[in-house]
Amino acid sequence: MTETGSTESVDAIVIGAGFSGIYMVHRLRTLGLTVQGFEAGDGVGGTWFWNRYPGARCDVISMEYAYTFSPELIEEWDWTERYPSQPEILRYLNFAADRLDVKPHFRFKTRVVSAWFDDATDQWVTTTDSGAVTRSKYLVTAVGCLSTSMTPDFPGLSEYAGEVYHTADWPEGGVDFSGKRVGVIGTGSSGVQVIPLVAEQAAHLTVFQRTPAFSLACGNRQLTDDEVRAFKNNIDDHKARSYASGTGQYTDTLEESALDHTPEQRQAIYEERWGRHRAIDLIACYPDLFANRDANETIAEFFRGKIRETITDPELAERLSPRTYPLGAKRITLDTNYYQTYNRDDVDLVSLREQPLEMFTATGIRTGGVDHELDAVVLATGFDAITGPLLNMDIRGRGGRSLQDKWADGPTTYLGIAVDEFPNMFMLTGPGSPNVLTNVVCAIEQHVEWTGDFIADIERRGTSCVEPTAEAARTWTDDAADLAKDTLYPEGESWYTGVNIPGKPQVIMSYVGGLDVYRQTCDEVAADGYRGFVSA
Ligand code: NA7
């Protein structure tokens with residue numbers, strides 16, 4: 001390892017200034033440590049900095065999608081809408097970062113290129129795209145799960161003369177589609193949100209759909225002052241209930257199987273829950289909806305019925321109806337006027353299953369021998385999720401061991417937080433933790449607090465390095481894979497399992513045992529002297 005120019009030294013490096021990075025920097029600062037944060041964006045926000053496409057909105061209720069650790073942050077911030085828009089979340093994160101005074105500890109517009117562990121000094125040596133080198137005892141990755149966008153290798157894309165935008169890297173000043181023929185590829189959460197707004201502006205919209213989504217109308221609305229006040233007054237209850245839940249979101253799950261009820265009973269129950277406009281209320285309505293394919297089919301068919309109710313053309317309704325995977329195996333999308341958009345005369349749907357996407361031409365897209373002339377194309381094609389942002393950097397542990405090599409067959413971690421041979425490296429919402437199967441802010445708070453406590457313990461003991469044993473990491477990873485085997489996730493063929501990225505190892509990158517069980521396990525590990533870790 002060679003270092004040229006000056007090298008700074010800090011106790012800890014934190015990569016990323018989203019929800020997790022902001023809180024981690026704050027937590028480390030309160031321990032009295034010196035911290036250098038790096039963030040590729042020109043401001044805080046993480047995924048909410050980049051995903052500023054029209055209609056971008058979180059699928060968790062605003063008041064629950066917020067930090068709970070600080071009474072001041074809770075008291076001083078008032079959400080305005082039931083589901084928060086991207087601009088409002090970005091304002092919130094700026095407010096939190098200012099209030100916690102963490103911005104001065106970040107270097108923005110700075111991307112970490114590599115982080116190598118130096119065996120001689122037990123330090124991490126981190127290099128940024130400006131060539132700056134920083135040494136630190138700790139390396140904390142707060143890079144998010146959905147921060148490396150994915151553009152498929154479409155033939156001819158580079159020859160296409162029109163405009164191309166990716167939802168995950170949207171121009172800051174916005175895009176004017178007025179008078180244009182626009183194509184949107186992708187009907188996941190981002191596509192479902194952007195499509196209605198592009199349709200309102202464009203002269204014509206063509207949606208290129210490979211797999212239809214199960215989408216729930218989000219019923220967004222302004223919050224009342226009373227609702228906001230009541231939530232704040234009940235924050236302890238909210239915290240207790242989210243801690244006790246498997247996803248950080250709680251609902252009233254019935255005791256009986258979906259199959260124990262008559263179709264009429266189920267219909268009435270699903271209908272009531274549809275009106276709550278919250279995916280968790282539907283998918284966790286009966287305990288077996290996500291465990292039993294027949295039970296799942298009852299709610300899948302209920303969703304398809306909603307599509308048929310909304311779409312006037314029955315053939316179109318069928319093309320928009322998911323048939324190939326269980327509800328919940330791909331993330332349920334949350335929309336405003338998604339299906340209604342297809343009733344417009346100036347919107348067409350191309351099913352790529354019937355007419356495969358052959359290539360981009362200079363003037364548009366060719367599918368099944370048909371040319372679609374387009375002035376602009378929006379790629380809503382998703383992310384190299386969870387491991388993508390970590391493997392984008394050249395991270396090397398003991399003896400120059402690269403993380404890319406170590407994870408060539410899929411990520412192995414202990415608790416989703418640490419990796420053997422990578423001492424003093426802590427991953428927030430890393431692979432093998434509950435990450436995206438939760439209200440991620442809940443998962444982040446648990447991770448930051450557990451990691452902060454561990455680092456405080458290491459400092460108290462005067463230990464130089466900790467790392468998990470290879471056996472602890474292997475056992476955690478194998479047990480997590482065993483737990484996931486019986487779920488319906490693999491049938492979804494989505495970013496949850498890496499199937500969306502050609503060549504990516506196909507494993508469920510999230511711990512499916514629930515955030516409540518996970519939290520308890522992490523606490524037991526800590527109480528047992530950080531069982532599974534060794535010190536040097
Ligand atoms: P998603 O959910 O991964 O959706 C990507 C969409 O793009 C999905 O409909 C894909 O179809 C489609 N896609 C991907 N590659 C192709 C190719 N090569 N050809 C045609 N269509 C393609 O990403 P989002 O950004 O919408 O949402 C990600 C998460 O962000 C979301 O779940 C929220 O948690 C926030 P497919 O289904 O693979 O057939």
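Modeller: Begin with the term itself: rings of Phe, Tyr and Trp pair if their centres lie within 6.5 Å. This is a predicted model, and a search of the whole structure gives 43 aromatic pairs.

Colleague: How are the rings of Trp48 and Tyr65 arranged?

Modeller: Planes over 60 degrees apart count as edge-to-face. The planes of Trp48 and Tyr65 stand at 80°, with ring centres 6.1 Å apart, so this pair is edge-to-face. Trp48 lies in helix H2, while Tyr65 lies in the loop between H2 and helix H3, 17 residues apart.

Colleague: Is Trp48 buried or exposed?

Modeller: Buried means under 20% relative accessible area. Trp48 has 10% relative accessibility, so it counts as buried. Tyr65 is buried too, because its relative accessible area is 6%.

Colleague: What is the geometry of Trp77 and Tyr92?

Modeller: Their ring centres are 5.3 Å apart and their planes are at 70°, so that pair is edge-to-face. Trp77 sits in the loop between H3 and helix H4, and Tyr92 in helix H4. Both Trp77 and Tyr92 are buried.

Colleague: Which residues do ring pairs link into a cluster?

Modeller: The cluster holds Phe19, Tyr23, Trp48, Tyr65, Tyr67, Phe69, Trp77, Trp79, Tyr92 and Phe95.

Colleague: How much of the protein counts as buried?

Modeller: Of its 536 residues, 58% do. The protein has 17 helices and 20 strands.

Key. Residues numbered from 1 in each chain as written. Predicted model: local features only at pLDDT ≥ 70, side-chain atom pairs only at ≥ 80, totals over all residues. Heavy atoms only, no water. Helix = DSSP H or I, 4+ residues; strand = E, 2+ residues; numbered from the N terminus. Buried < 20%, exposed > 50% of the residue type's maximum accessible area, 1.4 Å probe, protein only. Phe/Tyr/Trp six-rings, centres within 6.5 Å; stacked < 30°, edge-to-face > 60°.
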